[in-house]
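Please look through the sequence and the model shown below before reading on.

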Amino acid sequence: MSLSGKISIEIEVHATAAKWFNLFATQLHEVQNLTNRVHETKLHHGRDWHHKESIKQWTSTIDGKVTKCQESIESVDAAKKRISYKLFGGDIGNKYKVFKLIFEAIDKESGAIIKWTIEYERIGKEVDPPYGYIEYLHTGSGEIDGHLKA
């Protein structure tokens, strides 16, 4: 069994792809105010939340447990409304050598599709794939959509 993998979920939402991309591209610090799953976010290193060299600290609930990790932006593609994040340290670093989170907002006639993809490499076969993170993203996306469509 391979230690590397990729899992993804596509979620149909009411808010437009542009609103979703704007939130994650320019207002990432607001996510903690839009979902109950994120308890705290803070800028750990750097002066700008959206600069590639900045590092953010996230405290969230995953699989019913308070989980901490750090995050940095790897790439932003505004034309595709796609952002790639690298998650590391804390609880992520204890289980995964690689943990990449990819956000993509896809236009629809009405609303949008939010696609979340996790590319990962586990530190050992005793570590489960990150299915709890997919559930976290699914639930959090629903809560965020409720605020964005308002």
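**Strands, helices and spaces**

A hairpin is formed by β3 and β4 with two residues between them, and Asp63 in its turn has a positive phi of about 55°. Helices (H or I, at least four residues) and strands (E, at least two) are DSSP runs here, numbered from the N terminus, and two strands pair if DSSP finds at least two bridges between them. This is a predicted model, in which local features need pLDDT of at least 70 and side-chain atom pairs count only at pLDDT 80 or more, while totals for chains, interfaces and linings use all residues. Residues are numbered from 1 along each chain as its sequence is written, and side-chain values use heavy atoms, with hydrogens and water left out.

The antiparallel strands β3 and β4 are joined by seven bridges, and Thr59 has Lys68 in β4 as its bridge partner. Seven bridges also join β4 to β5, again antiparallel; here Ser72 stands opposite Lys86 in β5, and Asp77 stands opposite Arg82 in β5. The hairpin of β4 and β5 has four residues between the strands, and in it Lys81 takes a positive phi near 50°. From β5 the pairing continues to β6, in the antiparallel sense and over five bridges, with Leu101 in β6 as the bridge partner of Tyr85.

These pairings belong to an open sheet of seven strands, whose order is β1-β7-β6-β5-β4-β3-β2 and whose pairing is antiparallel. At the edges stand β1 (4-13) and β2 (38-45), each with a single partner strand, so one side of each is left without a neighbour in the sheet. Neighbouring strands of this sheet are turned by 25° against each other on average, direction ignored. Axes are lines fitted to C-alpha atoms, for helices over the stretch in contact, and angles run from 0 to 180 degrees between N-to-C directions.

Helix α1 (residues 17-26) packs on the sheet, where it touches β1, β4, β5, β6 and β7, and its direction makes about 145° with that of β6; contact means heavy atoms within 4.5 Å. Helix α3 lies across β1, β2, β3, β4, β6 and β7 and runs at about 20° to β1.

How do the two helices α1 and α3 cross, and within what distance do their axes come? The axes of α1 and α3 come within 11 Å and cross at roughly 110°. That makes α1 roughly perpendicular to α3, a term that covers angles of 65 to 115 degrees, whereas angles under 35 degrees count as roughly parallel, over 145 as roughly antiparallel and the rest as oblique. The contact is made by Lys19, Trp20, Leu23 and Phe24 of α1 together with Ser141, Ile144, Asp145 and Leu148 of α3. By class, the residues of this contact of α1 with α3 divide into five nonpolar, one polar and two charged, where Ala, Val, Leu, Ile, Met, Phe, Trp, Tyr, Cys and Pro count as nonpolar, Asp, Glu, Lys and Arg as charged, and the others, Gly among them, as polar.

On a 1 Å grid over the protein atoms alone, a cavity is a set of points where a 1.4 Å probe fits but cannot get out, and a pocket is an open set with protein on both sides within 12 Å along at least five of seven lines, while lining residues have an atom within 4 Å of a point. Grid points are joined across faces, edges and corners, and a volume is the space filled by probe spheres set on the points. By this rule there is one cavity of 30 Å³ or more, and the volume of the largest cavity is about 380 Å³. Its lining holds 25 residues, of which Trp58, Leu87, Leu101, Tyr136 and Leu137 lie nearest the centre. To the lining of the largest cavity α3 gives the most, with six residues, and by class that lining has 17 nonpolar, five polar and three charged residues.

The largest pocket holds about 260 Å³ of space. Among the 14 residues that line the largest pocket, Ile62, Asp63, Lys65, Lys95 and Tyr133 are the closest to its centre.
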